[in-house]
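Let's walk through this model together, one contact at a time. Please keep the structure open as you read.

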Amino acid sequence: MASKQVGATQHVLSYKPQLDGLRFFAVLFVVAYHWLPSISTISVSYFFGHAINFFFVLSSYLITSGLFSAKEKNSSLGIPKKELMRVFLLRRTIRIFPAYYTFLVVVMLVPKAGTYVRDNAGMFFSYLANYQMFNGNSWPPVTAHIWTLAVEEQFYLLWPLVIFFTPQRHLLKLFISIIIGSIVAKAICYYPAHVVPQNILIQYCLEPFAIGGLLAYKAKMTDGGWRVIKKYVNLFLYAALPFGIAIIVMQSFYFSFVLNGLLFSIVSMKIIEGAIIGYENHFGEFLQNDVVIYVGRISYGADSHLQCIKLILSKFSRA
């Protein structure tokens, strides 16, 4: 009975179709990044490699909103936090596991390309592929993009603890501390000789999750505090844009690593905030197109399936 009550409360959030529409654009960029060599070149990656943060901000906003709802609604029913977390993780498992494991199994069946996955099956199947890639300091064939799913799963394990066991009055300070701490950690702990960047490790990509949490927390503010935060967010955004341009010109991995994740996360937050309110123009109509929404909904598995197709096509072309 408790599980049904928990599940019911997690559906009280009103559906925002334009958010699925935004996912369409995000997955379109990711697919283009993986398939078009001119986009995935190192010089372009200095700046645009952090566009994946859009997914992280959006995911955090949705997950944090759901956790806030569950925390508030179920506390009055006396349902233990352990039960809340169990149901949350079960829902996330059903959403991610099928596409992820199907992709891994297909890759493992390919003689040469699947060798790396077979040799490190424990890391891949336990969602630690990002740490395997970083420690090995090389991008594996076909499965390099899986680091994003690993980071998401690690976030799903960590974030319920943050939301459920942090008093509401301290959450804002915690989100801001995570953002600052992540930037400082990246500024100090930088490995310039590494082929695989550190931002594939969850401890170095926490700011988009914290910013998504800030956006979800916005609805909880009744004292005008959000207006103050929004003012500083806007000031930072306008001040950071020249730095983004300078990063492209200088092609500095260091400044890209330290600052670009935050820059893209704030831009993502602004775009997502508009979709939550609802774009009332042709852009909004496009985001609510049925086909666009459908592609956005399956975005989590779309790139993995396309990678499978790419792998199969490459094998046939060599035959």
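Is E273 buried or exposed? Its relative accessibility is 6%, so E273 counts as buried (buried is under 20% relative accessible area, exposed over 50%, partly exposed in between, with a 1.4 Å probe and protein chains only). This is a predicted model, in which local features need pLDDT of at least 70 and side-chain atom pairs count only at pLDDT 80 or more, while totals for chains, interfaces and linings use all residues. Residues are numbered from 1 along each chain as its sequence is written, and side-chain values use heavy atoms, leaving out hydrogens and water.

The side chain of E273 meets that of K218 in a salt bridge (2.7 Å, N to O); the term asks for a side-chain nitrogen of Lys or Arg within 4 Å of a carboxyl oxygen of Asp or Glu. The pair links distant parts of the chain, with K218 in the loop between α11 and α12 and E273 in helix α13, 55 residues apart. Helices here are DSSP runs (H or I, at least four residues), numbered from the N terminus. K218 counts as partly exposed because its relative accessibility is 27%.

Now follow α13 to its neighbour. The axes of α10 and α13 come within 9 Å and cross at roughly 170°, and the two helices are therefore roughly antiparallel (angles over 145 degrees between N-to-C directions). Here I179, I183, K186 and A187 of α10 meet Y254, F257, V258 and L262 of α13.

K186 also forms a salt bridge with E207, their closest N and O atoms being 2.4 Å apart. Both E207 and K186 are buried.

Terms used
Axes are lines fitted to C-alpha atoms, for helices over the stretch in contact, and angles run from 0 to 180 degrees between N-to-C directions. Angles under 35 degrees count as roughly parallel, over 145 as roughly antiparallel, 65 to 115 as roughly perpendicular and the rest as oblique. Contact means heavy atoms within 4.5 Å.
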